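Me: I would like to learn how to read a structure that is new to me. Can we take it one feature at a time?

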2 protein chains.
Amino acid sequence: MRSARRPLETRKLTPRTSATSSPEPVATADASAGQRPGGREIPEATISRLPIYLRALTGLVERGTDTCSSEELAAAAGVNSAKLRKDLSYLGSYGTRGVGYDAAYLHYQIAREIGLTHDWPVVIVGIGNLGQALANYSGFRSRGFRVVGLLDAAPELAEHQVAGLPVRPFAELAGVVREQGVAIGVIATPAAAAQDVADQMVAAGLTSILNFAPTVLAVPEGVDVRKVDLSMELQILAYHEHRKAEALA
Amino acid sequence: MRSARRPLETRKLTPRTSATSSPEPVATADASAGQRPGGREIPEATISRLPIYLRALTGLVERGTDTCSSEELAAAAGVNSAKLRKDLSYLGSYGTRGVGYDAAYLHYQIAREIGLTHDWPVVIVGIGNLGQALANYSGFRSRGFRVVGLLDAAPELAEHQVAGLPVRPFAELAGVVREQGVAIGVIATPAAAAQDVADQMVAAGLTSILNFAPTVLAVPEGVDVRKVDLSMELQILAYHEHRKAEALA
DNA sequence: CTCGTTTTGTTCTTCCGTTCACAAACTCCT
DNA sequence: AGGAGTTTGTGAACGGAAGAACAAAACGAG
C-alpha cells in the first residue's frame with residue numbers, strides 16, 4: 001500500500017538544472033587528485049550501490065511513479081533509508097524536503113554520475129558457454145553496454161556467429177580495441193588462460209577488466225579489475241548452510 | 001622466484017589431529033546463538049575470503065608445494081599477509097611458527113570449515129543462455145557442488161538434455177528438492193520471474209538462494225540470498241572509467 | 001644447550017562504513 | 001499567514017575491518 005499513499009500530482013519540484021551545486025559557497029581551492037568539481041569524494045561502498053538504486057528507479061518509473069520518498073526507494077533497493085539518503089547526498093542535493101525525489105530526474109543524475117549517459121563498447125574474450133551467455137545477455141545492452149567484439153583462441157569458432165557477431169581470433173584483440181575505442185574487456189576463459197588474456201588486454205590499451213575466470217589477476221597500476229566468481233558465491237552459501245545444519249545438531 | 005626460496009623438505013610439521021583446539025582452557029559457558037565449539041565468531045568478511053584462500057591453496061598443492069608462508073599464500077590470493085593470518089586465526093592455529101602452513105592440511109581445514117567435505121546438491125531454475133552455461137560450468141562440480149536438477153517454465157525445453165540432465169517443468173521443483181535433499185537453489189530466470197521462483201523455492205524448503213536475476217528478492221528470515229549482478233559490475237567499472245576520462249580532461 | 005633467524009598469532013591503532021537522531025526545508029490545511 | 005505534518009540532508013556515535021607492529025613459538029647452527 002506504499003505506492004498509493006500520497007495524494008499528490010506534484011510535479012512542481014525544483015530540479016536545479018545546474019549540476020554543479022557546490023554546497024560550500026567558498027571556492028574549494030584544493031584541486032587535489034581525483035576531486036570532482038561538484039562534490040566530495042564518493043566512497044567505494046556507495047558507488048557499488050548506485051547501480052542498485054538505478055535499477056530500482058527504473059522499476060519505479062516504469063510503474064508510473066514520478067515522486068518517491070527515500071523510504072520507498074530504499075525498500076525497492078533493499079537497503080536502509082538512512083544509508084540511501086547518505087549515499088545520494090554524496091552526489092548532491094537532488095531531493096526536496098517534505099516531498100521526496102523526482103524519480104526520473106534522480107535516475108538521470110545517477111546515470112550521469114556513473115557515466116551511463118553514453119554507451120560503453122565492450123569486448124568479450126573466451127566464447128565458451130559463459131561467454132556466449134554473456135554475449136546474449138540483454139541486460140548489458142539495456143544498461144548502456146554494447147558488445148562490439150567476441151574473441152576466442154580456438155579457430156573452429158571463427159565460422160560461428162554468436163549474438164549476431166562473428167567470433168574473431170584472439171590475435172585481433174588490439175585491432176578491435178583500437179577501431180572501436182573499447183575501454184572495457186570481459187574475460188570468460190578458463191582460469192589457465194586468464195592471466196595471458198589480461199596481459200594482452202592491458203597491452204591493447206584496455207583499462208577496465210571484468211574477470212569471470214577463477215584466478216587472481218595481476219595488472220599494472222591504473223587498470224581496474226573486478227571479478228565475478230561463480231563458485232565462490234556458492235561456497236559462501238554452503239558455509240552458512242553448513243552452520244545452519246550444525247546449529248540443529 | 002618466490003617458490004624456490006626456501007631450502008627445505010620439512011615435512012615434520014605437527015598437524016594437531018584434534019580439531020577442537022580450544023584456546024581458552026576454561027569451559028566457555030556461553031552457548032549463545034551461533035557459537036561454534038572450537039572457536040570464536042568468524043566475521044563475514046573473512047568468510048567471503050576463505051574460498052579465495054582455498055583456491056590459492058589448490059594451486060599451490062597442484063604445483064607441488066607442501067609448505068607455504070603466509071606471505072606466499074597471501075601473494076597467491078592477492079591479499080595482505082597480515083589480513084590472511086588474521087583470517088586463518090579465526091579457524092584455529094593451523095600454522096607452525098618459523099615454518100609456515102602445510103598446504104594440504106590447511107586446505108582440508110578450510111574446506112571442512114566451509115562445509116565442502118561433502119557434496120552439495122544444487123538445482124538451477126531458468127535454463128536460458130545463462131542457466132545452460134551454469135549447468136555446464138565445471139568449476140561447480142570440481143568445488144563440491146553437484147547440479148542435480150534443471151527446471152524451466154517453458155515446456156519446449158523439456159525434450160532437451162543440458163549437461164547430461166533433462167530439463168524438467170518448473171512445477172516439479174518441490175519433488176526434486178525432496179528426493180535429492182537439495183538445500184541450495186540457483187535462479188537464472190529473467191527478472192520478472194525471479195520473485196515467484198524464489199517464493200516457490202522457499203516453499204519447497206530451500207534455505208540458500210543464489211540469484212542471477214537483476215532484482216531484489218524478498219525472502220523470509222532464515223533463508224540466505226546472495227546475488228550476482230552482471231551488469232552491476234560493468235557499471236562500477238564504467239564509473240571508474242568515466243572518472244579516469246574526466247581526470248585527463 | 002643456547003643463540004639467532006624465521007614466521008605465526010594477536011594486540012593496538014586507524015580508518016571506513018553503517019546507523020541514529022535531529023535540524024532545516026518544504027507542503028498542505030485552516 | 002501561520003501552524004501542523006513530512007521528508008531530506010547531515011552531524012555524531014557506533015561497530016567492524018584493515019594494517020602496523022610485536023611477542024611467542026618453532027627451527028637450525030654451533
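Reply: We will go through helix packing, sheets, the chain contact and the DNA surfaces.

Me: What should I know about the numbering and the model?
Reply: Residues are numbered from 1 along each chain as its sequence is written, and chains are lettered from A and ligands numbered from 1 in the order in which they are written. This is a predicted model, where local features need pLDDT of at least 70, side-chain atom pairs count only at pLDDT 80 or more, and totals for chains, interfaces and linings use all residues.

Me: How do α1 and α4 of chain A cross?
Reply: Two packed helices are described by the angle between their axes and the distance between the axes. Helices (H or I, at least four residues) and strands (E, at least two) are DSSP runs, numbered from the N terminus. Axes are lines fitted to C-alpha atoms, for helices over the stretch in contact, and angles run from 0 to 180 degrees between N-to-C directions. Here, α1 (residues 44-62) and α4 (residues 103-114) of chain A have axes that come within 9 Å and cross at roughly 150°. The two helices are therefore roughly antiparallel. Angles under 35 degrees count as roughly parallel, over 145 as roughly antiparallel, 65 to 115 as roughly perpendicular and the rest as oblique.

Me: Which residues of α1(A) and α4(A) meet?
Reply: Two residues are in contact if their C-beta atoms, placed from the backbone, lie within 7 Å. On α1(A), they include A:L50, A:Y53 and A:L54. On α4(A), A:L106, A:H107 and A:I110 are among them. This contact has 12 nonpolar, 2 polar and 1 charged residues. Ala, Val, Leu, Ile, Met, Phe, Trp, Tyr, Cys and Pro count as nonpolar, Asp, Glu, Lys and Arg as charged, and the others, Gly among them, as polar.

Me: In what order do the strands of the open sheet in chain A stand?
Reply: Two strands pair if DSSP finds at least two bridges between them. The order is β1-β3-β2, with antiparallel pairing. β1 (67-68) and β2 (95-96) of chain A are at the edges with a single partner strand each, so one side of each has no neighbour in the sheet. Between β1(A) and β3(A) there are 2 bridges. A:T67 lies opposite A:D102 in β3(A).

Me: Which strands pair with β7(A)?
Reply: β5 (residues 145-152) of chain A runs parallel to β7 (residues 165-169), with 3 bridges. A:D152 has A:P169 as its bridge partner. β6 (residues 161-162) of chain A pairs with β7(A) in the antiparallel sense over 2 bridges. In the hairpin of β6(A) and β7(A), 2 residues lie between the strands, and A:A163 takes a positive phi near 55°.

Me: How many residues of chain B are in contact with chain A?
Reply: 47 residues of chain B touch 47 residues of chain A. α9(B) gives the most to the chain B side, with 16 residues. That side has 25 nonpolar, 14 polar and 8 charged residues.

Me: Which residues are closest to DNA strand C?
Reply: A residue is near a strand if its C-beta atom, placed from the backbone, lies within 6 Å of it. Of the 32 residues around DNA strand C, the closest are A:P43, A:G98, B:S70, B:G95 and B:G98. α3(B) gives the largest share, 5 residues.
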